[in-house]
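This report is meant for a reader who is meeting the structure for the first time. Please look over the sequence and the 3D view below before reading on.

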Amino acid sequence: MKLNERSLAFYATCDSPADNSGFLYKRGERHTAYHRRWFVLKGNMLFYFEERESREPVGVIVLEGCNVELCDSAEGFAFAIRFSGAKSRTYVLAAESQAAMESWVKSLSRASFDYMRLVVRELEKQLEEMRWGPAGGGGGSREPPGSWKPKQCPERLPALPAVLPKENGCAVWNNALGVGQPPDTSGCGGNDDEGTPRPPPLPPRRRVLNGEAAVESPSTFCQLHERYSREVARLRQDWLEKWRVPRP
Amino acid sequence: AVLKKRLVKLVVNFLFYFRTDEAEPIGALLLEHCRITKEEENVFSISFIEEPERKYCFECASEEQCQEWVEALKRASYEFLRRSLIFYRNEIQKMTGKDPLEQYGISEEARFQLGTHQQ
């Protein structure tokens, strides 16, 4: 199967921060000897290099639909990435210390896109509930923490945040969130059931100052962004004017 | 360039493509560090940051389908999802004063942190 390998290699070696990296021993496929490789975890991709300084990975493991488990003997700090399915293999890796093994098992088991998506949906749901009240009106049922059940994508999924990089996927990693960023796609018109646009909420800062409870009228992210950016523009204007006035 | 009919499937951050009568994909594109561009009518393209002049063009059956795909692909990367998570986390923290990831025991995970961090 063809893959855009150059893009994969770029992703592996570009300077976006890795979610984990370090030396691990990888058991060979045909021969059971272990080879020491430099591993880099980015997103749901586990890349491995011959050397730390290598310019290209020698391989990649896509961490979707897999289980990460300790090896039976747990000797030599070994753990396995196991895929289900007839033709799939199990990758056996070994760390150089107990701490390293635990850190890798933890980060690998949460690396999948699916896991990330579950967390995002859960937070979206929380945010919606905070804005529009729990579903069904009274004390909506909450999943106990840690029980991640897959959820259906809701019809009316609010637009994902307006914070976006200049190029899709090319993260401005030092992410100054929320304000002043151009909105992403235009398809984020959110209306309430009657179809009238919801008013934007007061920015949180003002709510705290006024001592009001954190209840805000419903809004879409586009409107939120609009509101914040106007406030930022206003604040900036004030700040600039302040500095023009000669100090006593 | 010749247009070939393909079955295209977006699965997590990969775009798989198949010959229409086959069960196994002939190829896949990893959708990280890429740019999705609406081209002329019914057409969009995918290009990658390390080779921006090379465009993978896709012609859709309708303008509506084209828009759907552009929207879906722009949100398809893991990095986009990560930024969404950080954004929501931040919003909820501002509103409630509490980190929503704490109750799931993942607030210290490197992948959810805001700002630059060393490897």
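## Basis of the values

This is a predicted model, in which local features need pLDDT of at least 70 and side-chain atom pairs count only at pLDDT 80 or more, whereas totals for chains, interfaces and linings use all residues. Residues are numbered from 1 along each chain as its sequence is written, chains are lettered from A and ligands numbered from 1 in the order in which they are written, and side-chain values use heavy atoms, with hydrogens and water left out.

## The sheet of chain A

Strands (E, at least two residues) and helices (H or I, at least four) are DSSP runs, numbered from the N terminus, and two strands pair if DSSP finds at least two bridges between them. Chain A has an open sheet of seven strands in the order 5-4-3-2-8-7-6, with antiparallel pairing. Its edge strands are strand 5 (59-62) and strand 6 (66-70) of chain A, each of which pairs on one side only. On average, neighbouring strands of this sheet are turned by 35° against each other, direction ignored; axes here are lines fitted to C-alpha atoms, for helices over the stretch in contact, and angles run from 0 to 180 degrees between N-to-C directions.

Within chain A, five bridges pair strand 3 (residues 34-42) with strand 4 in the antiparallel sense, and V40(A) stands opposite F47(A) in strand 4. Helix 1 of chain A lies across strand 3, strand 4 and strand 5 of chain A, running at about 85° to strand 4, where contact means heavy atoms within 4.5 Å.

## Aromatic rings in chain A

Rings of Phe, Tyr and Trp (its six-membered ring) pair if their centres lie within 6.5 Å, and planes under 30 degrees apart count as stacked, over 60 as edge-to-face and the rest as tilted. Over all chains, the structure holds nine aromatic pairs. One of them joins Y11(A) and F47(A) edge-to-face, with 6.1 Å centre to centre and 80° between the planes. This pair links distant parts of the chain, since Y11(A) is in helix 1 (residues 5-13) and F47(A) is in strand 4 (residues 45-49) of chain A, 36 residues apart. Y11(A) is buried with a relative accessible area of 0%, and F47(A) is buried with 1%.

A charge sits over a ring if NZ of Lys or CZ of Arg is within 6 Å of the ring centre and within 35 degrees of the ring normal. The charged end of K42(A) sits over the ring of Y11(A), 5.9 Å from its centre, and R36(A) lies over the face of F23(A), 3.8 Å from the ring centre.

## Chain B

The secondary structure of chain B comes to two helices and six strands, and from the N terminus on its elements run β-β-β-β-β-β-α-α. Of the 119 residues of chain B, 46% count as buried.

Conventions
Buried < 20%, exposed > 50% of the residue type's maximum accessible area, 1.4 Å probe, protein only.
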